[in-house]
Amino acid sequence: VVRLTTNDESTFDFYNDLDKTPGLGFDVLDDFFGEALEIYFRNPWLSYGLPLHRMRESGFRIDVLDEIDERPLTYEELKALACLLFGSTGGLTIPDPRMNWGGFLNAVSVAQSREKAVWNPIRRRLTPWIDLKLLNQMYGQGNVPLQTTPGSNFATMHAAAPVAPAGAFMAQQQQMYQQQQQPVGNAKQSFDPYGQASMPSQQQQQTQQSFPTQPFPQAMHSTPPPQQQQQRPTQQPSATPGPSSTSPNQSIPIVGQKYAATEASQDTSTLKRNILIQWALSPPSYSKLQSIDKLISSVQTIFPPSFGVAQHEYFHKWKPVTHEALLITTTVGDDDDAAASSARILKRAIRKLKFFLHPDKIPKDLDTAQSFLLKMIWDVVADAEAAANL
């Protein structure tokens, strides 16, 4: 175990690259708050208490602890973590969340009601180990009733509960994390919340088709025709470019003209249009930038091979941040410090993304399209940060 005590991102990045090297057999850990922040960005429902950090520092090889700072946990890993935290407290058995989601939630509720609260370094107060409401919103359908009375017969109450449905969050992860799971050159697999790796489904393959190009509105306050209003929200991000009727002379909104407007290449112009429509601009009018939290949590959806841009191993170094992690900060704490907590964590996420995009950080062997993609993301994020007035 390599324990780092530094705020230097380049040093931490160096050791993280070593950590990913096969055969070296060591784990790299930041300090308590640094690890808690990384885990919060991927699994914001978990309070990363000091006992978990001490276990990792001591070299315990527990699979679920190796993954909590890398990506959202699967349903199988949720049960493994719950069993690690609560064991068989009072003879309590934790159901499989894939088979009985309601029973799993209530078992965890009963179990953690018997435990003391832990210090949450992100919220800066004592909290339960697991935020069940947020967990239910992210992994379930957000409407499973919680029986919080200690000792209640939750197994009987939820014996007929259906197989745990993949909520909106987990469905989104199948797309968001698809590009991060396999190294460059391997068969692309999708992130499976049920703990398995599966090849892209027919529905996912259909979303690889190109986004139909349409003229932008003439100005930021313009409203597109009714037909465009109905069609645009249903379109899915494109992973490969298709036939395009886009003309370089078509007008674009004022907010889009500032990003690499001097590029003469038609291919680059098409790439810019795709980035603006599918990531940077807010539908249905596409006349203003998305909020900074949405941009950060979805930036990986426009990484290669999207839009036909060639793959590069550098893009796999970015660890996606869940949107819920940035939204939940608006309700952190029960006092006037909530807004300050929200801004502090959002600034951390912005800082991580800007460090990833920094011109001095990116490799020198990127091709024109890859470099243009990173530069445009940098410009959009900078403008969205300024608009947020953090």
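Is Asp 69 buried or exposed? Select Asp 69 to start: at 7% relative accessibility, it counts as buried. Buried here means under 20% relative accessible area, exposed means over 50%, and partly exposed lies in between (1.4 Å probe, protein chains only).

Before moving on, some ground rules. This is a predicted model, in which local features need pLDDT of at least 70 and side-chain atom pairs count only at pLDDT 80 or more, while totals for chains, interfaces and linings use all residues. Residues are numbered from 1 along each chain as its sequence is written, and side-chain values use heavy atoms, with hydrogens and water left out.

**Whole chain**

Show the cartoon. The protein has 17 helices and 4 strands. Helices (H or I, at least four residues) and strands (E, at least two) are DSSP runs, numbered from the N terminus. Of the 390 residues, 48% count as buried. Now consider contacts, meaning heavy atoms within 4.5 Å. Among contacts between residues at least 6 apart in sequence, 68% join residues at least 24 apart.

**Stop 1: around Asp 69**

Return to Asp 69. Its place is the loop between helix H4 (63–67) and H5. Leaving aside residues up to four places away in sequence, Asp 69 touches Glu 35, Glu 38, Ile 39, Arg 42, Arg 56 and Lys 319. Draw a distance between the side chains of Asp 69 and Arg 56: a polar contact of 3.4 Å joins them. A polar contact is a pair of N or O atoms within 3.5 Å; within protein, one must be able to donate a hydrogen and the other to accept it, and residues adjacent in sequence count only if both atoms are side-chain atoms.

**Stop 2: H2 against H3**

Select residues 32–42 for helix H2 and 50–57 for helix H3. Two packed helices are described by the angle between their axes and the distance between the axes. The axes of H2 and H3 come within 11 Å and cross at roughly 105 degrees. Axes are lines fitted to C-alpha atoms, for helices over the stretch in contact, and angles run from 0 to 180 degrees between N-to-C directions. H2 and H3 are therefore roughly perpendicular to each other. The cut-offs are these: under 35 degrees is roughly parallel, over 145 roughly antiparallel, 65 to 115 roughly perpendicular, and the rest oblique.

Show side chains. H2 brings Phe 32, Glu 35 and Ile 39 to the contact, and H3 brings Leu 50, His 53 and Arg 56. By class, that is 3 nonpolar, 1 polar and 2 charged residues. Ala, Val, Leu, Ile, Met, Phe, Trp, Tyr, Cys and Pro count as nonpolar, Asp, Glu, Lys and Arg as charged, and the others, Gly among them, as polar.

**Stop 3: H5 against H6**

Next, select 75–86 for helix H5 and 101–113 for helix H6. They pack at an angle of about 20 degrees, with their axes 11 Å apart. That makes H5 roughly parallel to H6. On the H5 side, find Tyr 75, Leu 78, Lys 79, Ala 82 and Phe 86; they meet Trp 101, Phe 104, Val 108, Ala 111 and Gln 112 in H6. These residues divide into 8 nonpolar, 1 polar and 1 charged.

**Stop 4: helix H7**

Select 132–139. H7 is mostly covered, with 6 of its 8 residues buried. Those are Leu 132, Leu 134, Leu 135, Asn 136, Met 138 and Tyr 139. At the start of H7, a side-chain oxygen of Asp 131 reaches to within 3.3 Å of the backbone nitrogen of Lys 133. Zoom in on Asn 136, at 4% relative accessibility. A polar contact of 2.9 Å joins its side chain to that of Trp 101.

**Stop 5**

Which non-glycine residues have a positive phi? Arg 124 has one of about 60 degrees, and Tyr 286 one of about 55 degrees. Arg 124 is in the loop between strand E3 (118–120) and strand E4 (125–127). It is partly exposed, at 44% relative accessible area. Tyr 286 is in the loop between H13 and H14, and is buried at 3%.

Finish with two cis peptide bonds. Pro 283 to Pro 284 has omega near 5 degrees; Pro 284 lies between helix H13 (266–280) and helix H14 (292–298). Pro 304 to Pro 305 has omega near 15 degrees; Pro 305 lies in the loop between H14 and helix H15 (323–327).
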